[in-house]
Amino acid sequence: MTRLGKRLLAAGMLLCVLAAGVLSAKADTQEYRQQLLKTYSSDPENACARIEALLTQLEGESPSMGAMWRQIMSDWDRLNHSGFSARRSLPDDLPQDDSLCIVVFGYGLNRDGSMKPELFDRLNVALQAARQYPNAYIAVTGGETARVKGISEAAVMAIWLMNNDISEDRIILEKKSLSTTENAKNTCALLNQNYPRVRQLAVVTSDYHISLAATVLQTACTYSAAMQGGREMSVVAGASCAASTSVGNDLSTQAWCISALTGTKWTTASSASAVQKEAGEDLPLWQEEESVFYEENLDDWYE
């Protein structure tokens, strides 16, 4: 764990008890939350003192909100230093029971509803993980991105896994989402509603995408536990396939995904897309979808 992560976690232990139950997102905490996202995404290596000061101020306004954001910031730093992008398989020390769920992030289908090579690569990593942990659930995520009515990423992924001898009763389908952010939010909700034994999560996706996917999934779970009475669930591991794309997610992308999940006003995904396109870079498919989704649904995230 990094120095920032250790300090945030240590300082937050006493305050976490105050986050129990349902919180109210006070309007006067908005600026502190914005500044936390901006500070870490701009210069994470030198952000420790500034983040601690902001969290202390936020805790002064709302101890419970401050405790939640201390956890969000600690996990954000932890997962960006996790090394998941270099791992091609899960570690051997995870629970060998159904308290573990392996969450496989989808990838846009071809227009005929068939899978693209990168999704096959993700599923091969997921299949190895499912065999390594035969009692774990496997959540497959993704909606109808192929524009073929009735064909979702999740359903196609589930069929592939079943064809490779993974039992249907282990598979959880999240088939309504159109972005990484919705993948995480909807999966967290499904686990809370229908799978009460799940406590630990392992993420499977492409190497360039895994820091974002892990961070967003953890944020969704932390926010749900604090704001909606959900239970605590932790992203504890990840494995990824090697992808050919040279475009990775960055901290600013992670920041606006966190903002969407937490109701914090932030710049839209389209602005992030514009910066990359002006630089002559092609966006990976997941980020194109994320940009469109976020721009079209921005107002729906804020109450």
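1. Helices (H or I, at least four residues) and strands (E, at least two) are DSSP runs, numbered from the N terminus.

2. A word on the basis of these values is needed before going on. This is a predicted model, in which local features need pLDDT of at least 70 and side-chain atom pairs count only at pLDDT 80 or more, while totals for chains, interfaces and linings use all residues. Residues are numbered from 1 along each chain as its sequence is written, and side-chain values use heavy atoms, with hydrogens and water left out.

3. The chain holds 11 helices and 5 strands, and buried residues make up 56% of its 303 residues.

4. The strands form an open sheet of 5, in the order E3-E2-E1-E4-E5 and with parallel pairing, where two strands count as paired if DSSP finds at least two bridges between them. Strand E3 (171-174) and strand E5 (234-241) stand at the edges, and each has a single partner strand, so one side of each is left without a neighbour in the sheet. From one strand to the next the twist averages 20 degrees; axes here are lines fitted to C-alpha atoms, for helices over the stretch in contact, and angles run from 0 to 180 degrees between N-to-C directions.

5. Strand E1 (residues 100-104) pairs with strand E4 (residues 200-206) in the parallel sense over 5 bridges, and leucine 100 stands opposite glutamine 200 in E4. Cysteine 101 has leucine 201 as its bridge partner in E4 and tyrosine 137 as its bridge partner in E2. E1 and strand E2 (residues 137-141) also pair in the parallel sense, over 4 bridges. Between E1 and E2 the chain passes through helix H5 (residues 117-132), and this β-α-β crossover is right-handed, a term that applies if, with the strands pointing away from the viewer, the path from the first strand over the helix to the second runs clockwise.

6. Is E1 enclosed by the rest of the structure or left open? Of its 5 residues, 5 are buried, so E1 is largely enclosed by the rest of the structure. In a regular strand the side chains alternate between the two faces of the sheet. Both faces of E1 are covered, with Leu100, Ile102 and Val104 buried on one side and Cys101 and Val103 buried on the other. Helix H8 (residues 210-227) lies across E1, E4 and E5, running at about 150 degrees to E4.

7. Tryptophan 69 is found in helix H4 (residues 63-80) and counts as buried, at 0% relative accessibility. The C-alpha atoms of tryptophan 69 and threonine 222 are separated by 9.0 Å, although the two residues are 153 residues apart along the chain.

8. Two loop positions can be set side by side. Glycine 143, in the loop between E2 and H6, is buried at 0% relative accessibility and touches Ile151, Ser152, Glu153, Lys175, Lys176 and Ser177, not counting residues up to four places away in sequence. Aspartate 165, in the loop between helix H6 (153-163) and E3, counts as exposed at 70% relative accessibility, and has a positive phi of about 70 degrees although it is not a glycine. Most residues other than glycine have a negative phi.

9. How many disulfides does a search of the whole structure find? The search finds 0 disulfides, a disulfide being a pair of cysteine sulfur atoms within 2.5 Å. Cysteine 241 is buried, with a relative accessible area of 5%, and cysteine 257 is buried as well, with a relative accessible area of 0%.

Terms used:
Contact = heavy atoms within 4.5 Å. Buried < 20%, exposed > 50% of the residue type's maximum accessible area, 1.4 Å probe, protein only.
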